[in-house]
Each structure stands twice: as C-alpha cells, then as structure tokens.
Amino acid sequence: MTHISVLTEKRISVSSSYLAVIAIVLSLLSICLGIPSLAAILAIPSIIWGADTVRRIASYGLGTGVPSIGNLSVSIGILSSLVGLKYSPILGVLIAAATGFIFGVIISRLKILKIPHFPRLITELSLAGYLTLTCLVVGVAKTDLLPMVFNGFLNDDVVKALFWTGFIAAIYWASTLAIFHPFNAGLGADERQGRTLRIATVTSGVTICLSGIVRLGNAGILGRPWMVNEAIIMIAIGGLIWIYGLISLYNACRREAASTLWTGIPGRGGLE
Amino acid sequence: MDFLILIIILIAIAIAGILISIGTMLLPIGGAPAAMFTSTGIATGAEMMLTGSGITGILMSAVLFRENGLIVMVNAGLSSAIMMSTVMLICNFLAVYGRGVPPALYTREKDPITGENVKIYITPGTTGHGIPTACFISGIIGAFLGGLGGALTFIPVFRLLVIKALGLTPSIEAIFSQLIEVSSSNVLSSIVIAATIALGMFLINANITAYAIRGVIEGWWDPKFKNTPRTALACFLASIVFGCITLLFIL
Amino acid sequence: MEPILIAIGVLALIVGLITIAGWFEDAESDIGSQSNPNSQVQLAPQVGTIHRFFNKAISGEPVSNGMWCMTAGTIFVALWLGWNIHPLISIPLSCGLTTLFHMTFATTAYLGRITSQRRFGQPIYIDVLVSHLPLIGTHGFMVTLTILTISYIMYTASTSIIFNADISRYIGYPVAIPMLTLMLGIISGSIGSSTGDTHYGGERLYQHTVYGEGVSTKYYGNITIKAELGWRNSIDTVWFCTKYGSMMAGLCYGLILLFDNFRIFLGNIYGQVFLNVCIGLVIVFMLFLVNRWIEVWARRKFGPYMENIKLEGGK
C-alpha cells in the first residue's frame with residue numbers, strides 16, 4: 001500500500017469575512033435593482049457564504065446536527081423573507097438579522113447549545129438564508145424590471161405565481177438543501193474548505209436551474225411570454241455552473257483522496 | 001384591527017410551541033444507534049420524526065379547513081398519533097422478526113406501565129432495543145401533542161388570511177368556528193401560505209428540542225426529561241418572536 | 001356515477017400506490033446507504049475496515065426525499081399548468097428530470113465523504129460510483145412517480161370534478177401540488193428511515209454477528225464486507241433488504257394513509273365529525289393491543305438473554 005501523507009494544517013482558502021461582505025453587498029444590490037435573472041444568479045455568493053458559516057458552526061461539534069442547523073436558519077429566513085416581500089427588502093434584512101440575533105441569545109442563555117459566539121454565527125446564517133430566498137423569489141416571480149428599495153412587490157400576480165401554484169415550497173426546500181448539503185457531504189477528518197465550497201458551487205447551480213424552470217412555468221401560468229427570456233438565461237447559466245462545479249469537484253477529489261481506483265479489492269490495492 | 005385578536009393569535013402560536021416541545025420530549029427517540037438495535041426507540045433523529053408526524057397533523061388541518069377549531073385540533077392530533085403508533089408497531093415487527101430481539105428498555109429495571117422485569121432481556125453492550133409498552137404509550141401522547149401544536153399554528157394564520165380575502169371583519173368567533181361554504185379553489189393560496197409558516201415554525205421548535213435532547217430519549221421517566229421546562233421556555237420565547245413576524249406578514 | 005363509489009376506488013388506488021412509494025423509498029436509501037446506518041459505513045474506515053459501499057450522505061431521509069418529490073412536483077406544475085402539457089406526459093418527464101438532480105447530489109456526497117477519509121486509506125472506487133448511480137436514480141424515479149401521481153389525484157379530487165362527480169367531501173387534500181409532494185415526501189422519508197433502516201443497519205450490515213441480539217458497541221465499525229460471492233457492495237444490500245425491511249416500510253405507509261383516509265371518509269359519509277374521533281381512538285387502541293401481543297409473544301418465545309454459544313458467521 002502506498003504511503004498516505006496526512007493533511008496537517010486546516011488551511012482556509014477564502015476568508016469568511018471576505019465572503020460575508022461580498023454576499024451581503026452583491027445580493028442586496030441585485031434585489032434592490034430588481035432584474036430577475038441577475039438577482040437569481042447573484043444568489044450564489046449567499047449560498048456559498050451560508051455553506052461556509054455552517055462549516056464554522058459545525059466545527060464546534062454539532063455531529064449529525066448539520067441538517068438541523070440548516071433547517072433552522074432557512075426557516076428563520078423564510079419567515080423574514082415573507083415580510084420583506086410584502087414591505088421592503090431593507091426591512092426584511094433588518095428583521096432577519098434581529099430575529100436571528102435574538103434567537104441566538106435565547107438559545108445560548110438557556111444553555112440549549114454550548115457553542116461559542118453562537119448569536120453572531122446564527123445571525124450570519126439567517127442573513128444568508130434570507131438573502132438566498134429573496135434573491136430566488138425575485139428571480140422567480142418578478143414580472144417587471146423596476147427597482148424596489150422601499151416597496152414590496154406583493155401584488156395579485158405574485159400571490160398567484162408563488163402561493164397559488166405552491167412554488168414557494170420549491171424555493172424554500174431547495175435553498176435549505178443548497179446551504180447545508182456542502183458541509184454535510186464533505187464531512188470527515190480531512191475536510192477542507194476548498195472542496196466544501198466547490199460542492200456549494202454545484203448545489204447553487206442546481207438551485208438556479210430549478211428556479212429557471214419555475215420561472216418558465218410562471219411565464220405560462222401568468223400569461224406573460226416575455227418572462228421566458230430571463231428563464232432561459234437562468235436555466236443556461238445554472239446548468240453551466242452545475243457542470244463546471246461537478247468537473248472541478250471531481251478533479252479536486254481525484255487528486256486529494258487516499259487513492260482513486262477504477263476497481264479493486266479493499267485492503268489489497270487495485271486497478272487504476 | 002383589534003389589538004385583542006393579535007394578542008390571542010400570538011399566544012396561540014406560543015402555546016403551540018410549548019406543545020410541540022413537550023411532544024418531542026415524550027417521543028421515544030433512538031437516533032442513529034437504534035438503527036443498529038443498540039438503543040430503545042424509533043430509529044431516527046428527533047426532529048425528523050416530529051416533522052413527519054407534525055406534517056400529518058398539518059395535512060389533516062388542511063383537509064378539515066371548514067370545521068370548528070377544536071375539532072380540527074383533535075383530529076390533527078389523532079392523525080399524528082395513528083401515524084406514530086403504526087410506525088412503532090412496524091419497528092417492533094422488524095426487531096422481532098428481522099433481528100430476533102425482544103423489546104426491552106434500559107433506564108429502569110421494570111417497565112413503568114406494566115411492571116414486568118425488562119432488564120433480563122437486554123443485550124449486554126447495548127442500551128435496549130425495540131419499543132416496549134411504556135415507550136409506546138409515551139409515543140402516542142407525544143405525537144398527539146405534536147399534532148395539536150401543528151394544528152394550533154395552522155388554524156389562526158389560515159383563518160385570518162381567508163377572512164381578509166373574503167373581506168369580513170376578523171373576530172375570535174370567526175377564527176375558531178365553522179366556516180361558511182367556501183369551495184376549495186378559493187382558499188388554495190391561503191392554505192399554502194399557512195402551511196409554509198406552520199412548517200417553518202415546526203422546524204424551528206423541533207430543532208431546538210432536538211438539540212436539548214442530544215440524541216436518545218426513552219420517555220417521561222428518562223433523566224433527560226428533566227430538561228423539559230428549560231426547553232419549553234426556549235420554544236415559547238422563540239415562538240413569540242417568530243409569531244410577531246408572522247403577524248407582520250399576514251396583516 | 002355515484003360519488004361514493006368513485007371515492008372508494010380512489011382510496012384503494014392511493015393506498016396501493018403509496019405502499020409502492022414506501023417500499024421503493026426504503027430500497028433507495030439502502031442502495032445508497034443513506035441516513036442512520038450510514039454512520040457505520042462512515043465509521044468503518046476509521047477502525048480499519050475498508051469497504052466498497054456507496055456512502056451517500058445527503059442528510060436524513062425526510063429532508064432529501066422531500067427534495068426529490070418537491071422537485072418532481074415543481075417541474076410537473078410548471079409543465080402542466082404553465083404550458084398545458086397533458087399529465088400523462090409531464091409526470092414521467094418531471095420524474096425523469098428529477099433523477100438528474102438526485103444523481104448530482106449523490107455524486108457530490110460520495111466524492112466528498114470518501115475524500116475526507118483520506119487519512120484512513122479508503123479509496124474512491126469509480127466502478128462503485130458508476131454502477132450504483134443509475135440504480136439510485138431508478139429507485140428515486142419510482143418514489144417520485146408514485147408520490148407525484150398520488151398528489152395529482154388528491155389535488156384534482158379536492159378541487160375539480162372527476163367523472164361528473166364531486167368527491168371533494170370524501171377524499172382529497174386541497175393543497176397545491178409542490179407543497180403536497182413535499183409533505184408526502186417528508187412523511188415517506190421519516191417512515192422509511194425509522195422502520196426499514198433497522199433491517200439494513202441491524203441485520204445486513206452486521207450479518208456476521210449472531211442473530212438474536214442487538215449489535216453491541218464493541219462491534220461498531222466492523223461491518224460485513226464480504227458477500228455471498230466476492231466483496232459486498234450496496235447492490236447486494238438492497239437485494240436482501242427489499243425482501244423484508246423495505247416491504248414493511250411500504251406496508252407502514254400504506255396502513256397510515258388507509259387508516260387516516262378511511263376515518264375521514266366514514267365520518268364524512270355520515271356527516272358527523274365526532275365519528276372521526278371515535279374511529280381514530282379505536283384504531284389507536286387496536287394498534288396498542290397488537291403491539292402488546294407481539295411484545296409478550298417475543299419475550300416468551302425468545303426468553304431472557306443467553307450468552308453466545310460460539311456460533312459465528314464468516315466475516
């Protein structure tokens with residue numbers, strides 16, 4: 001058997017504050033600008049930021065509780081996102097941050113979870129969830145190209161497009177899986193941030209592709225054929241990011257695994 | 001909008017949070033070890049099992065959307081209890097015929113309900129296997145409370161949305177009494193919004209309790225059950241906070 | 001035709017389909033080794049047991065099953081309501097597209113988890129990846145197909161007219177299809193995870209330990225890696241577990257929907273909601289009696305724990 005070298009240090013490829021700043025600035029800007037395809041594509045920084053924050057929380061010892069923390073934070077995100085949809089995205093951001101912080105304080109004061117800096121981490125995670133959800137909702141249901149800073153866009157069309165069809169469940173659950181799956185899939189003794197964020201690229205590509213299909217459906221349901229242009233853009237770019245992510249993940253894993261074999265007998269080597 | 005109605009809806013959502021939390025603590029949850037018959041209880045995580053049974057309750061509330069508030073809650077609780085009883089029964093069948101182990105629990109020498117000696121049936125090196133009678137009863141009560149909590153979150157939100165859509169004035173009777181003949185097609189959006197909000201609240205409360213349980217719990221006699229007041233308080237406070245946001249949206 | 005007759009037919013169809021959904025859902029989690037017993041497959045390289053299983057770690061089964069069923073429901077509604085494609089075409093098409101999503105997540109999970117076990121020497125076997133992925137996709141296709149069909153039937157039963165009869169009084173869930181598939185998928189996942197997985201984790205993964213006792217913690221990680229012929233992989237697992245564990249999971253889900261809908265059905269025929277509650281209590285009581293019987297029977301038949309009399313299978 002070949003000599004296996006242990007990856008000694010836990011290198012961080014990208015700094016977390018850098019990711020946070022990029023995600024908040026880009027996603028918030030795209031929501032306020034109000035161009036649907038741009039908003040959906042700029043959900044990618046938020047998903048990657050969320051996956052990185054899950055990684056930081058879970059490194060304090062959550063074990064199998066990784067999907068739970070993802071579910072928790074995106075649930076906080078969807079409740080704030082509904083408010084932001086109705087009133088204003090800026091109000092939604094403030095509510096997401098405030099409720100996330102209060103929630104973190106409740107949990108750490110009552111000693112349910114003993115994780116250091118928990119209020120700050122859960123605030124970041126609920127913000128990431130809120131930004132992802134709102135970017136995708138804007139991408140899916142917005143029919144015009146007007147900017148929206150201090151007004152919501154909950155008119156009859158949007159209620160029909162999101163709630164009568166039931167597509168809000170799609171956005172909710174796809175965002176949940178996109179945020180917590182990367183760390184859960186890369187869990188292990190030799191987990192590395194670079195590989196985890198590559199998986200986050202794959203899941204964000206999948207989510208944007210799904211949002212594109214939803215927008216395609218909304219174009220038919222609402223009877224507005226010009227929504228199809230943005231839908232095609234979203235599906236195409238989502239698909240490209242999906243395939244690119246898969247290829248880069250495969251290359252990284254083939255390089256970094258103990259060995260990559262076509263087949264073999266466990267413990268006795270095999271064919272390449 | 002009458003201020004009293006807002007307070008009552010907020011309290012309803014907060015009480016639902018407490019019921020969900022107590023319901024989860026009563027379920028006999030085995031976690032990952034129970035899948036290998038190393039611990040007593042249902043072989044899945046706490047929040048997963050409660051979400052499964054709570055969603056059955058929410059579905060039943062959606063089906064019976066025309067009825068009286070109390071009837072809907074009892075029916076949702078019963079749906080949840082039927083689901084949990086069937087799951088626990090089939091778990092026992094799999095333990096007995098799939099692996100050949102009789103049900104046995106670990107934290108007590110004698111079964112708390114039937115009084116039989118269970119210590120002699122445990123495999124050494126494990127902390128019980130299968131679902132004995134006391135865990136079964138604990139599970140039924142826990143699932144009933146969970147379904148009740150889910151329905152209690154669903155009903156006020158749904159009724160308020162329907163009342164606003166129909167243009168009537170909200171009042172306590174309108175929220176908790178029988179609805180006039182409304183066809184299903186008119187209320188589809190309201191059901192989806194209420195179901196999303198109920199699902200979100202459910203996941204938040206169930207996850208808080210799952211973190212407090214930290215893996216395995218057998219029933220009300222388990223030492224971990226002493227954490228219930230603290231957990232119920234956390235769920236109460238969290239439900240109030242998120243109830244306020246929900247009210248911001250549906251008003 | 002009479003509404004009650006159509007409603008009874010719909011109920012029978014639903015129960016049959018959902019049994020298949022539960023069956024294939026548990027089989028799909030056995031193919032990929034998902035959820036609770038996956039902790040053993042994850043632990044195995046750490047104690048020195050290199051294996052050829054597929055390590056698909058996409059969170060717990062309820063969440064991931066909800067995802068596949070929800071994706072199928074979403075694409076279906078986009079095609080059916082948006083572009084008026086007939087359900088007979090859009091249902092298989094949406095389920096087929098969902099398998100792409102499913103296989104992507106499975107690939108990322110396998111590659112990610114095995115690479116993170118570099119220091120224990122577990123290799124990535126490409127033939128395991130390539131041979132298991134189509135099977136994972138197929139089993140997922142069956143689950144999403146049945147659950148999407150059921151959601152479509154229940155939605156149509158509650159909102160429109162079937163064969164000139166309005167059966168929304170008796171049967172039907174008035175919930176939009178993506179939300180309904182999400183809910184049915186989550187319930188399916190939690191049932192398959194709590195019932196069928198015990199057969200996989202307790203019996204098949206530790207088949208070389210003695211039948212008749214729980215798996216004690218001293219065996220943890222030493223899973224059975226040799227098969228009936230050659231070295232075991234997850235396809236051998238699903239061949240075994242479909243015969244009992246997955247079948248019981250399907251039976252469980254079928255019984256739950258049968259009891260629930262039968263209860264509502266009977267209550268609505270007589271117009272008394274109070275009847276629903278009585279029937280529900282009777283059902284719970286009967287289930288409790290059956291559980292008590294099986295517990296007493298097992299304890300009397302198997303007796304107290306005895307020391308192992310040197311019977312051991314080959315590892």
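Helix H5 of chain A (residues 89–109) contains 21 residues and spans 30 Å from its first C-alpha to its last, close to the 30 Å expected at 1.5 Å a residue. The expected span is 1.5 Å times one less than the number of residues. Helices here are DSSP runs (H or I, at least four residues), numbered from the N terminus. The model is predicted: local features need pLDDT of at least 70, side-chain atom pairs count only at pLDDT 80 or more, and totals for chains, interfaces and linings use all residues. Residues are numbered from 1 along each chain as its sequence is written, while chains are lettered from A and ligands numbered from 1 in the order in which they are written.

Several residues of H5(A) are buried, among them Pro89(A), Gly92(A), Ala96(A), Phe103(A) and Ile107(A). A residue is buried if 20 or more other C-beta atoms, placed from the backbone, lie within 10 Å of its own. Just after H5(A), Lys111(A) takes a positive phi of about 55°.

Chain B touches chain A through 29 residues, which meet 29 residues of chain A. Contact requires C-beta atoms, placed from the backbone, within 7 Å. On the chain B side, H7 and H8 are the elements that give two or more residues. H7(B) gives the most, with 14 residues. By class, this side has 20 nonpolar, seven polar and two charged residues. Ala, Val, Leu, Ile, Met, Phe, Trp, Tyr, Cys and Pro count as nonpolar, Asp, Glu, Lys and Arg as charged, and the others, Gly among them, as polar.

The contact between chains B and C takes 63 residues from chain B and 65 residues from chain C. H3 (46–63), H4, H5 (133–166) and H7 of chain B each supply at least two residues. H4(B) gives the most, with 22 residues. The chain B side has 41 nonpolar, 20 polar and two charged residues.

Chain B averages a pLDDT of 89, and 99% of the residues score at least 70. pLDDT is the predictor's confidence in each residue, from 0 to 100. Within chain B, confidence is lowest in H6(B) (residues 172–176), at a mean of 77, and highest in H4(B) (residues 69–99), at 93.

Notes:
A residue is buried if 20 or more other C-beta atoms lie within 10 Å of its own, exposed if 12 or fewer, and partly exposed in between; C-beta atoms are placed from the backbone. Two residues are in contact if their C-beta atoms, placed from the backbone, lie within 7 Å.
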